[in-house]
Amino acid sequence: MTTHLALLRGINVSGHNMIKMEVLKTTLETIGFKNVQTYIQSGNVFVDSEEENPAKVGFMIKQELFKTLGLEVPVVVIGKSDLEACFANNSFLKEKEVDLKKLYVAFVSMELKSDSINDLKMSQVKPDEAQIDANRIYIKYAVGAGKTRFDQKYIEKKLNLIATIRNWNTVTQLLKMVEERES
């Protein structure tokens, strides 16, 4: 069995794509996922599966949510190594007195090249900053996530992919949860 973390984008936000976590859990169990565990209402769900391919797991979840609930929900599936990389490779963490409340991670649906940062046209969203690392974009907001143009829609448009953003507190908690699942 492989543990996957499915990050559902845009559920339970401003009254749109409302899914109760118990309904989500039951829905995923009915298609064969085991040990289904959700974290907060924003669409973080751990599943264990015989399927090792994260893209296939994401497709299964997306398909079932549409079939069962009639919702078109983009899904990015990651693993423990993706969460660990957030701590090992995020250069913003090395800055003195960094404000963790302004750090976010955008998880994207495909591996990016280091020159993809040029495609983001960061000069248009200054003073926000970003760093690309495989299928993650580390973000440091100058003011905050609620007051920026550099959001998931911006990233998706510039890079032509699916993206979902989590704050640093959530990333930290998700890593703790995956470690607890393995112990």
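This note walks through selected features of the structure, point by point.

1. **Ground rules.** This is a predicted model, where local features need pLDDT of at least 70, side-chain atom pairs count only at pLDDT 80 or more, and totals for chains, interfaces and linings use all residues. Residues are numbered from 1 along each chain as its sequence is written, and side-chain values use heavy atoms, with hydrogens and water left out.

2. **Aromatic pairs.** The count comes to 3 aromatic pairs. Phe87 and Trp168 form one that is tilted, with 4.8 Å centre to centre and 55° between the planes. The rule covers rings of Phe, Tyr and Trp (its six-membered ring) with centres within 6.5 Å; planes under 30 degrees apart are stacked, over 60 edge-to-face, and the rest tilted.

3. Phe87 sits in helix α3 (residues 80-89) and Trp168 in helix α6 (residues 168-182). The two are 81 residues apart, and the pair links distant parts of the chain. Helices (H or I, at least four residues) and strands (E, at least two) are DSSP runs, numbered from the N terminus. Is Trp168 buried or exposed? Trp168 is buried, with a relative accessible area of 5%. Phe87 is partly exposed at 31%. Buried means under 20% relative accessible area, exposed over 50%, and partly exposed in between (1.4 Å probe, protein chains only).

4. **An edge-to-face pair.** The ring centres of Phe150 and Tyr154 are 5.7 Å apart, and their planes meet at 70°, so this pair is edge-to-face. Phe150 is buried at 0% relative accessibility. Tyr154 is buried at 8%.

5. **Helix α5.** This helix spans residues 152-159. Its buried residues include Gln152, Tyr154, Ile155, Glu156 and Leu159. The buried residues of α5 pack against β5, α4 (116-119), β7 (136-140) and β8 (163-167). At the start of α5, a side-chain oxygen of Asp151 reaches to within 3.3 Å of the backbone nitrogen of Lys153. A polar contact is a pair of N or O atoms within 3.5 Å; within protein, one must be able to donate a hydrogen and the other to accept it, and residues adjacent in sequence count only if both atoms are side-chain atoms.

6. **After α5.** Asn160 follows just after the helix. Its place is the loop between α5 and β8. The phi of Asn160 is near 55°, a positive value in a residue other than glycine. Asn160 is exposed, with a relative accessible area of 68%.

7. **Another positive phi.** Ile40 has a positive phi of about 45° although it is not a glycine. Ile40 is found in the loop between β2 (34-39) and β3 (44-49). Ile40 is partly exposed, at 41% relative accessible area.

8. **A cis peptide.** Which residues does a cis peptide bond join? They are Lys126 and Pro127, and omega is about 10°. Pro127 lies in the loop between α4 and β6 (129-133).

9. **Asn90.** This residue is in the loop between α3 and β5 (103-108). Asn90 is buried, at 1% relative accessibility. Its side chain reaches the backbone nitrogen of Phe92 at 3.0 Å. Not counting residues up to four places away in sequence, Asn90 touches Ala85, Gln131, Tyr138 and Trp168. Contact means heavy atoms within 4.5 Å.

10. **Val98.** Val98 is also found in the loop between α3 and β5. Leaving aside neighbours within four places in sequence, Val98 is in contact with Phe92, Leu93, Leu103 and Lys140.

11. **The second largest pocket.** About 270 Å³ of space lies in this pocket. There are 13 lining residues, of which Ala55, Val75, Val76, Val77 and Ser109 lie nearest the centre. The elements that give two or more residues to the lining are α2 (54-69) and β4 (75-78). α2 gives the most, with 5 residues. On a 1 Å grid over the protein atoms alone, a pocket is an open set of points where a 1.4 Å probe fits, with protein on both sides within 12 Å along at least five of seven lines; lining residues have an atom within 4 Å of a point.

12. **Lining by class.** The lining of the second largest pocket has 9 nonpolar, 3 polar and 1 charged residues. Ala, Val, Leu, Ile, Met, Phe, Trp, Tyr, Cys and Pro count as nonpolar, Asp, Glu, Lys and Arg as charged, and the others, Gly among them, as polar.

Terms used:
Points joined across faces, edges and corners; volume = space filled by probe spheres on them.
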